[in-house]
Amino acid sequence: MQAFPHHYPATAQAASDSLVSISTTDCTPIISAPPAEFGGPGDQWSPETLFVASVADCFILSFKAIASASRFEWLNLECAANGVLDKVERSIQFTEIHLSATITLAEGGDREKAMKLLEKAEQTCLISNSLSAKVHLESQVLIG
């Protein structure tokens, strides 16, 4: 790992009559548009969906690092995220992010340790830790 601070450059660009192209070094650009709730087409990634997806993505990456360091074996992890956007006083902001994580273990897997590591991943996720929105985690462990 590199020394802190880390820097993450990104660029967004659009013409007056086009969708937004988001890019960063050495990555394929993605297209963004307003969500349907704000009058957009609803068929593109939006800042809102990217934001919520980043919480789920970071949760899984945090779990992978913790599980690896713990030498914990698992088969699959899925994390669904639902962000709640609301008006707070005079500003619009995300107030809550609900995460629903389902992990699958091999036969004989340690359910209790899986739950403990999922909770630890939620606590250490740097994206969640950077938010004012409350993050709620609901976890399920499956065998097989």
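This is a predicted model: local features need pLDDT of at least 70, side-chain atom pairs count only at pLDDT 80 or more; totals for chains, interfaces and linings use all residues.

Q: Which residues does F63 touch, not counting those up to four places away in sequence?
A: F63 touches F72, W74, L77, I103, A114, L117, L118 and A121, where contact means heavy atoms within 4.5 Å.

Q: Why is F63 called buried?
A: Buried means under 20% relative accessible area, exposed over 50%, and partly exposed in between (1.4 Å probe, protein chains only). F63 has 0% relative accessibility and therefore counts as buried.

Q: What makes F63 and W74 an edge-to-face pair?
A: Rings of Phe, Tyr and Trp (its six-membered ring) pair if their centres lie within 6.5 Å; planes under 30 degrees apart count as stacked, over 60 as edge-to-face and the rest as tilted. For F63 and W74 the centres are 5.2 Å apart and the planes stand at 80 degrees, giving an edge-to-face pair. F63 lies in helix 1 and W74 in the loop between helix 1 and strand 4, so the pair ties together parts that are eleven residues apart in sequence. Helices (H or I, at least four residues) and strands (E, at least two) are DSSP runs, numbered from the N terminus.

Q: How many aromatic pairs are there by this rule?
A: The count comes to two aromatic pairs. One of them, F51 with F94, is stacked, at 4.7 Å centre to centre and 25 degrees between the planes. This pair links distant parts of the chain, with F51 in helix 1 and F94 in strand 5, 43 residues apart.

Q: Are F51 and F94 buried or partly exposed?
A: F51, at 27% relative accessibility, counts as partly exposed, whereas F94 is buried, with a relative accessible area of 15%.

Q: What makes a set of residues a nonpolar core, and how many residues has the largest one?
A: A nonpolar core is a set of buried Ala, Val, Leu, Ile, Met, Phe, Trp, Tyr and Cys residues joined through side-chain atoms within 4.5 Å. The largest has 23 residues, and those with the most contacts inside it are F59, F63, F72, L77, I97, L99 and I103. At least two core residues come from each of helix 1 (47-69), strand 4 (76-88), strand 5 (91-105), helix 2 (111-124) and strand 6 (134-143). Helix 1 gives the most, with seven residues.

Q: How do you know that strand 4 and strand 5 pair?
A: Two strands pair if DSSP finds at least two bridges between them. Strand 4 and strand 5 are joined by 13 bridges and run antiparallel. They belong to an open sheet of three strands in the order 4-5-6, with mixed pairing.

Q: Why are strand 4 and strand 6 called edge strands?
A: Strand 4 and strand 6 each pair on one side only.

Key. Residues are numbered from 1 along each chain as its sequence is written. Side-chain values use heavy atoms; hydrogens and water are left out.
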